[in-house]
Every structure is written in C-alpha cells, then in structure tokens.
Number of protein chains: 2
Amino acid sequence: MEFLNVSERAAISPEIAVSTVIFSLRRAPGAADDTPPRLWIPLVRRTRQPYRGQWALPGGPLGAQQSLAAAAAENLRTTTGLVPRYLEQLYAFGGLDRSPARRVVSIVYWALVRGADSNDDGPDAGAPHSELIEDPNVAWFPVDSDEVRAQLAFDHVEIVEYALWRLRNKVTYGKVAHRLLGDRFTLAQVREVYEVVLGTRLDPANFRRQLLSSPGLAETGEHLHGVKHRPPKLYRFEDPVDTPPSPAAHGAATASLQEGSLT
Amino acid sequence: MEFLNVSERAAISPEIAVSTVIFSLRRAPGAADDTPPRLWIPLVRRTRQPYRGQWALPGGPLGAQQSLAAAAAENLRTTTGLVPRYLEQLYAFGGLDRSPARRVVSIVYWALVRGADSNDDGPDAGAPHSELIEDPNVAWFPVDSDEVRAQLAFDHVEIVEYALWRLRNKVTYGKVAHRLLGDRFTLAQVREVYEVVLGTRLDPANFRRQLLSSPGLAETGEHLHGVKHRPPKLYRFEDPVDTPPSPAAHGAATASLQEGSLT
C-alpha cells in the first residue's frame, strides 16, 4: 500500500454500500381473498454494469454525510414510498469477490412494512406497494419467485436467504409478526403471518390461546369490516415492544420504528 | 460529489475498520482461588492521533485483500496470540462523528477465548493471556474497570456495552457459556460463568439440574485435579452447537469456530 498514491489507494480500498431487504405480506394483484398471502420484497433493476438489467436489492453507496440507518431508510423511501414498521441492521457482507469491479462491503438492513390489505386508515394504509412509486425499474416479487431465487445480482440471493432466516427467528422468539400487519389485526391474521413466514400450518385453537396470553395484546373494541357473519375482533399491541436493543452509538443504531418517525 | 476528483472523493468517503471485543473469564493475577473471576478484555494503546496514548479495542483498517472475518481473527492473533472459541459479527457502527478525523465505519466482531485457568492441556491451555504477547501496548482489563468504563478512545465504550448485552443474551438463550472455559469443565464452573456474565447469583442445585438436562452435555470420566476432598466431575459438550447461522456469502461469514480452525 505504501507505494501507492491517494487515488490508487482509493481505487483498491473497499467501497461501503447500504442495502435493505424489505419484507411485506401480500396477495398477488387480483388474487381471491382466500388465497394465502406470501412474503414479497421490492427489487430495483440495475441500469449500470455490473449486472446491468438484472434485479438487485435496493441500495447504493453510503453517502459521505449519511448515517447507516439514514441510508437504509432512504432505500425504503425510494423503492416503497413507505416508512418501515421495523428496521434493523442485518449483517455486513464483506467477502473479497462480491462484485466483479471494485470491492464493496455491504451493510445490510432488513425491514418490515405493512401489507396492502391492512385494517388501518393511515396515509399509507392499504396502498398497494408499487403504486406509491412510479418507477419501471422498481417492482415487487414473491421472495420464493424465480426472479429472487435465480436472477438476483451479486450475492443478493444469499443476503435474502439470511434475512429470511432472521425473520423466521424473530417471529419464533419475538413479537415482530404483527409489524407485517396494520396497527389493528385479527388473531387469524397474525396466525397467517406466522404460517407464511415459518412455512407451516399452525393449529388455530392452540395458536389463538397462546397469542391471547401475550402481554400487551389488547382488544380495540372494533371488528373487521366487510365480513357478513360474526365479524372477528380487531386487536392491537399496546406496547409494541421487542425493540432490538440498539447500540447507543452516534446514529449507528436503528431500532424498531414507529411509523412516521422517519418522515 | 461529481465535481471532486478521485483523491478528493477518497478523502471524504468513509474508511472501513474491523475491531473485535474479546471476552475472557479470569481472576486478577495473584488472586486467591476462591475470588470470583471477572470478565476481561484486551485493549491496545494507541500510538497515533487521534486519542494517542488512550486504550482502544484491537482493530484497524480493513486490508484490501482481507475478508471481514480474517481481519477479526487478525485482531485476536495480534493481541492475544489465541484463536477464538467463538467469533461472531456484532454490529457495524457508522455514525458520522465517531472519529475526529476521516469518517470511519467500524464492523465489530466479538469473541470468546478460554480463561487462564481452564482444565485443558492444549497448546494455549492455561496460558495467562498477556504473557502470550509481549507488547507493552497490549493489556487486559476487567470490563467493569475504569480503563474500560471511562477512558476508551472513540465510541468504544458503547461498543463494549453492546457486546456485553449480546453476550448476556447469548448466555441466556444459547449455549455459549462453556466457550469461556476449556473443553472440560465442572458444573460449578459453568454456573460461575453464568453468574459473572449475568451479574447475579444462581441457585446451585437448580442450575445443576437444568444444566444436566442440556442436550450434548457428557461426562468425561475425569475429575478436577488438585482438589483434595470429593474432586468434582469434568464434563464436556459433545456437540458444541449453538453456531450462529452464518450467511453463506463468500467469506463474509464467521461462525462458531473450533479451536485451531483459524491457525
């Protein structure tokens, strides 16, 4: 290194990028109401080499004046128009051969955003994701689709796999499932999240009993609209905890975010 | 950015460093055998500005041809002469004001190494930590000492706090406690690790019963040496699991390491 000048050193020193895996629960457009939803993620089509024309996770070089969390939030804003209900650092990927050009170390975040059919009336409630962003190079795909499984640029398929593992883990041990829903949800909707994320059927009565014993779960006094016979109760979490304890270091941390806190 | 030349851009683009928080369980030199051990970490005295003369976590700029995990292993080798029994990525710290000079994004790992008084006979068994490295700028400190709490360079005290939180979490939910011990340990030694890490007393009989029901715990058929009356049995874990599932991405991952795997 010592024989190189500044620009030569810059050329070989790794670049820092921030990318974000953004999960949402939704049904395919036009699908019947009783179709089980799937996990979807937004991807961005690359307009430059390498991997020009292929889909990749939303992300880009870290701005000189941008904290890591701000960069992740920017990924979200530009691809979904949404603020996350959950945003957490996932992992730093820094292998030597991740990019065919200059070496890139990617600090990856993962986020949960509410689905298109939540029971809330907020500004983004029920907005089909892609309609918020009119960009032909941004699109949503089921996480188990071919576009994700076989056609992602770089090592992004491995990153998505790791984010999925983290999501399953959090759903099993934490209370993040409801963050894929609106602020108000039925017990069956929460079970549906668990079933989709964990890829398994759960016994409704047993799940219902366990969920009802969760601290913080509260009835809203309201019922689901548009159901003719015995409309189910809507619940909410009084204290949306399970915040990942975040390092308090200067802006490095992100945590569980209330909607609107990034706007 | 577009009006800057390469070296100007390099000057403002963040630098990547890798640092490692290395925990070990030990007694102060010369302390009586019945003194409870404490958690210690090695620190490196800075020989350059900023923070010249202050102690900091072992670490440095990421080498151009160095994976993140290799950089973390190098931190360990140069400060402890040891290979870790556990090495995992902790968090990427990327706040704007972490360093008074050029912005640095630090990808931090955390590691567990065996204590100086383990029951094993391997090459590094029982080696008092600092004696392996003869460097006046490397020293070990109790993690709750003033040098750590009040005098660390940069935001390293916050990083240590976060690593401690992660360690407590892992000890509570996982099976990493024995990695602070040798391959063979008594049940009382495992309880001692829990007590030190969690900062609380545990009921011996209850703990013993719970630990004995852990899958993978096995008697070695040996007993602790140097105890006159009823020497306690030595145990080991047959399958040292609780490997953090690591992203499979090209060299980005580290995981639970068998001793020797980095040599």
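Contact, in what follows, means heavy atoms within 4.5 Å. With that in hand, take chain A: among its contacts between residues at least 6 apart in sequence, 64% join residues at least 24 apart.

Some ground rules. This is a predicted model, in which local features need pLDDT of at least 70 and side-chain atom pairs count only at pLDDT 80 or more, while totals for chains, interfaces and linings use all residues. Residues are numbered from 1 along each chain as its sequence is written, chains are lettered from A and ligands numbered from 1 in the order in which they are written, and side-chain values use heavy atoms, with hydrogens and water left out.

Chain A in outline. Its secondary structure comes to six helices and nine strands; helices (H or I, at least four residues) and strands (E, at least two) are DSSP runs, numbered from the N terminus. Of the 263 residues of chain A, 50% count as buried. Buried means under 20% relative accessible area, exposed means over 50%, and partly exposed is in between, with a 1.4 Å probe and protein chains only.

Now a few places in chain A. S145(A) sits in the loop between β7 (138-142) and α3 (146-150). S145(A) counts as buried because its relative accessibility is 9%. Its side chain reaches the backbone oxygen of P142(A) at 2.6 Å. For a polar contact, the requirement is a pair of N or O atoms within 3.5 Å; within protein, one must be able to donate a hydrogen and the other to accept it, and residues adjacent in sequence count only if both atoms are side-chain atoms.

In the loop between β2 (38-45) and β3 (55-56) of chain A we find P50(A). The peptide bond leading from Q49(A) to P50(A) is cis, with omega near -10°. Y51(A) is also placed in the loop between β2 and β3 of chain A. Y51(A) has a positive phi, near 65°, in a residue other than glycine. Chain B has a cis peptide bond between Q49(B) and P50(B), with omega about -5°, and P50(B) lies in the loop between β2 and β3 (55-56) of chain B.

Buried residues of α2(B) include L68(B), A72(B), N75(B) and L76(B). L76(B) counts as buried because its relative accessibility is 0%. Leaving out residues up to four places away in sequence, L76(B) touches T20(B), I22(B), G81(B), L82(B), P84(B), L87(B), A111(B) and V113(B). L76(B) and V113(B) are 37 residues apart along the chain, and their C-alpha atoms are separated by 9.4 Å. Just after α2(B), G81(B) takes a positive phi of about 70°.

Helix α5 of chain B holds R166(B). Is R166(B) buried or exposed? At 15% relative accessibility, R166(B) counts as buried. The side chain of R166(B) reaches the backbone oxygen of L90(B) at 2.5 Å. Apart from neighbours within four places in sequence, R166(B) is in contact with E88(B), Q89(B), L90(B) and W110(B).

Last, α6 of chain B. Its buried residues, among them L187(B), V190(B), Y194(B) and V197(B), pack against β1 (15-26), β2 (38-45), α5, α7, β8 (217-223) and β9 (233-237) of chain B. How do α6 and α7 of chain B pack? Helix α6 (residues 187-198) and helix α7 (residues 204-212) meet at an angle of about 105°, with axes 10 Å apart. Axes are lines fitted to C-alpha atoms, for helices over the stretch in contact, and angles run from 0 to 180 degrees between N-to-C directions. The two helices are therefore roughly perpendicular to each other, a label for angles of 65 to 115 degrees. The contact is made by L187(B), V190(B), R191(B) and Y194(B) of α6(B) with P204(B), F207(B), R208(B), L211(B) and L212(B) of α7(B). After α6(B) comes G199(B), whose phi is positive, near 65°.

How values were computed
Angles under 35 degrees count as roughly parallel, over 145 as roughly antiparallel, 65 to 115 as roughly perpendicular and the rest as oblique.
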